[in-house]
Each structure stands twice: as structure tokens, then as C-alpha cells.
Amino acid sequence: KRYPDRVVLLIGNRDVNKLRFTSELADSEIYHSDIEEFNSAFWVRNSIKVHLKKFLRNLILKDIKEKRKKEEDEERSNVNQNSVNDNNPKEKVDEKKELENIKEEEFDISEEILSEYNTRINRLKYILIETMGCTNTFEDRKREMALLKHAKSINDYSLYFNFKEELFYNYLSQEEVNELVSEQEVFDNFLNSVADENGFMRQYIES
């Protein structure tokens with residue numbers, strides 16, 4: 001801004017793609033469009049293309065697996081508390097294998113459940129992961145926001161700015177990250193970066 005004649009800003013395809021957020025994440029696009037008819041990005045090769053419905057089913061399946069695992073862990077913990085001799089490693093291996101082998105076809109995922117998962121947050125994840133190749137960007141942004149919030153709470157921003165990559169992922173546990181920042185806050189951060197006239201991505205592109 002100080003020396004506009006000395007600086008040339010380069011805009012990559014992912015930068016330009018973020019302009020899609022203001023239209024594709026609008027309520028009219030999310031809640032009034034048919035999931036079946038939603039087309040993935042035309043530039044993604046058919047061999048690796050994942051359509052929205054499949055993406056949402058995968059999210060549902062992941063949640064089911066995590067819920068099952070949590071229930072299994074709680075049940076195993078209760079059993080271990082009641083029986084100090086309950087130490088069957090084969091049983092533990094079998095339970096783990098069973099969780100890993102859960103198949104999508106085991107579950108009757110109704111259109112109603114699919115609609116519940118068809119949210120603006122999940123649509124943003126779909127755009128990032130399946131059309132922009134940003135597999136971890138949502139979670140990384142969430143962690144970055146959590147680190148900034150943590151640094152502000154202890155009034156020490158040097159902690160944030162001096163982070164190395166290994167500390168970025170290990171300083172705060174996933175549970176701490178989830179407590180500090182919600183998925184809705186991450187969504188708002190992404191959207192406002194281009195929708196708000198003061199958003200950093202909008203200012204960058206307009207420059």
C-alpha cells in the first residue's frame with residue numbers, strides 16, 4: 001500500500017477460487033439446490049472426482065465410525081474397571097479391525113440425513129478438499145485461529161509468530177483447538193475474507 005509502484009502481487013488459482021465462496025456458499029445454493037444434480041468442478045479429472053453426495057456420505061460414515069469407537073472405548077473402560085483380569089489382546093485387535101472394516105453399505109443413509117449434513121460448513125469443506133486440492137486447509141485454519149486466540153489470552157504473540165511447523169501441530173491438542181474455535185468461526189473467517197470489504201483476501205485481490 002505504501003509503494004504500489006514497486007510491488008506486483010501475483011494471484012494464483014486458489015486465490016481466484018476463493019471468490020466462489022460468496023456465491024456457492026449462499027443459502028440459495030446450499031438449501032435450495034438438489035444434491036443429486038450438484039456437479040463437481042469441471043476441471044477435476046473424472047478418475048479422482050468426488051461428487052457432493054459421495055462426500056457427504058463419507059462425512060456421515062466417518063462420524064458413525066468415531067461414535068462407534070467412542071462407545072467401544074467407553075464400554076471397554078467400564079469392563080476393565082469391573083474386571084482387573086480382563087486382558088484379552090485378541091479381543092482388542094478384533095474390535096479395532098471391526099471398526100476399520102465398517103462399510104458404507106452397512107448403513108441406510110436416508111435423504112433426510114444427507115440434507116442435515118448439507119450445511120454451509122460442509123459445503124466449504126467440499127470446495128476446499130475436492131475442488132481446490134486443499135485437504136487440510138480447514139483444519140489448519142482452525143488451528144491457526146486457536147493459536148492466535150491462545151496467544152491473545154496470555155498476551156504473548158511471540159509464541160504464535162515464533163512457531164515452527166512441528167510446534168504448530170503439537171502445541172495445542174485437538175481437544176483444546178475445538179474448545180477455543182468452533183467450525184462456525186472458521187467458516188465465517190473464510191467467507192468474510194472475501195465477502196467483507198476489509199477481508200484480507202478481498203483486499204489482496206483488489207490490490
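# Notebook: cores, buried charges and salt bridges

**Entry 1. The main core.** I began with the largest nonpolar core, which has 22 residues. Phe21, Leu25, Leu124, Leu128, Phe138 and Phe190 have the most contacts inside this core. I then asked which helices supply at least two residues each. They are H7 (120-131), H8 (137-153) and H12 (183-195). H12 gives the most, with 5 residues. I keep in mind that this is a predicted model.

**Entry 2. Leu128 and a second core.** I looked up what Leu128 touches, leaving out residues up to four places away in sequence. The list is Phe21, Gly133, Cys134, Phe138 and Phe190. I also noted a second, separate core of 12 residues. Leu52, Leu59, Ile60 and Ile109 are among its members.

**Entry 3. The whole chain.** I counted 13 helices and 0 strands. The chain has 207 residues, and 32% of them count as buried. For contacts with a separation of 6 or more, I recorded that 75% join residues 24 or more positions apart. The accessible surface comes to about 14300 Å². Carbon and sulfur atoms hold 48% of that surface.

**Entry 4. Lys18.** I found Lys18 in the loop between helix H1 (13-17) and helix H2 (21-24). Is Lys18 buried, or is it exposed? Lys18 is buried, yet it has no salt bridge. Asp15 is the nearest side chain of opposite charge, 4.5 Å away. Beyond its neighbours within four places in sequence, Lys18 is in contact with Met132, Val194 and Met201.

**Entry 5. Arg123.** I turned to Arg123, in helix H7. Arg123 is also buried without a salt bridge. Its nearest side chain of opposite charge is Glu29, at 5.6 Å. With neighbours within four places set aside, its contacts include Glu24, Leu25, Glu29 and Ile30. Phe38 and Leu52 are also among the contacts of Arg123.

**Entry 6. Salt bridges.** How many salt bridges does the structure hold? I noted 7. I looked up three pairs.

- Glu24 and Arg20 meet at 2.7 Å, N to O. Glu24 is partly exposed, with a relative accessible area of 23%. Arg20 counts as buried at 13% relative accessibility.
- Glu183 and Lys125 meet at 2.8 Å, N to O. This pair links distant parts of the chain, with Glu183 in helix H12 and Lys125 in helix H7, 58 residues apart. Glu183 is partly exposed at 28% relative accessible area, whereas Lys125 is buried at 13%.
- Lys149 pairs with Glu185, and their closest N and O atoms are 3.3 Å apart. Lys149 lies in helix H8 and Glu185 in helix H12, so the bridge ties together parts 36 residues apart in sequence. Lys149 is partly exposed, with a relative accessible area of 34%. Glu185 is partly exposed too, at 32% relative accessibility.

**Entry 7. The surface and the chain ends.** I found a nonpolar surface patch made of Ile11, Val16 and Leu19. Together they have about 240 Å² of accessible area. Ile11 lies in the segment before H1 and is partly exposed, with a relative accessible area of 40%. Lys1 lies in the segment before H1 and is exposed at 87%. Last, I checked Lys1 against Ser207, 206 residues apart along the chain. Their C-alpha atoms are separated by 8.3 Å.

Methods. Residues are numbered from 1 along each chain as its sequence is written. This is a predicted model: local features need pLDDT of at least 70, side-chain atom pairs count only at pLDDT 80 or more; totals for chains, interfaces and linings use all residues. Side-chain values use heavy atoms; hydrogens and water are left out. A nonpolar core is a set of buried Ala, Val, Leu, Ile, Met, Phe, Trp, Tyr and Cys residues joined through side-chain atoms within 4.5 Å. Buried means under 20% relative accessible area, exposed over 50%, partly exposed in between (1.4 Å probe, protein chains only). Helices (H or I, at least four residues) and strands (E, at least two) are DSSP runs, numbered from the N terminus. Contact means heavy atoms within 4.5 Å. Lys and Arg count as positive and Asp and Glu as negative; His and the chain ends are not counted. A salt bridge is a side-chain nitrogen of Lys or Arg within 4 Å of a carboxyl oxygen of Asp or Glu. Patches are made of residues with over 30% relative accessible area and no salt bridge: like charges are joined within 9 Å, nonpolar side chains (Val, Leu, Ile, Met, Phe, Trp, Tyr) within 5 Å. Accessible areas come from the Shrake-Rupley method with a 1.4 Å probe; for residues, only the protein chains shown count as cover.
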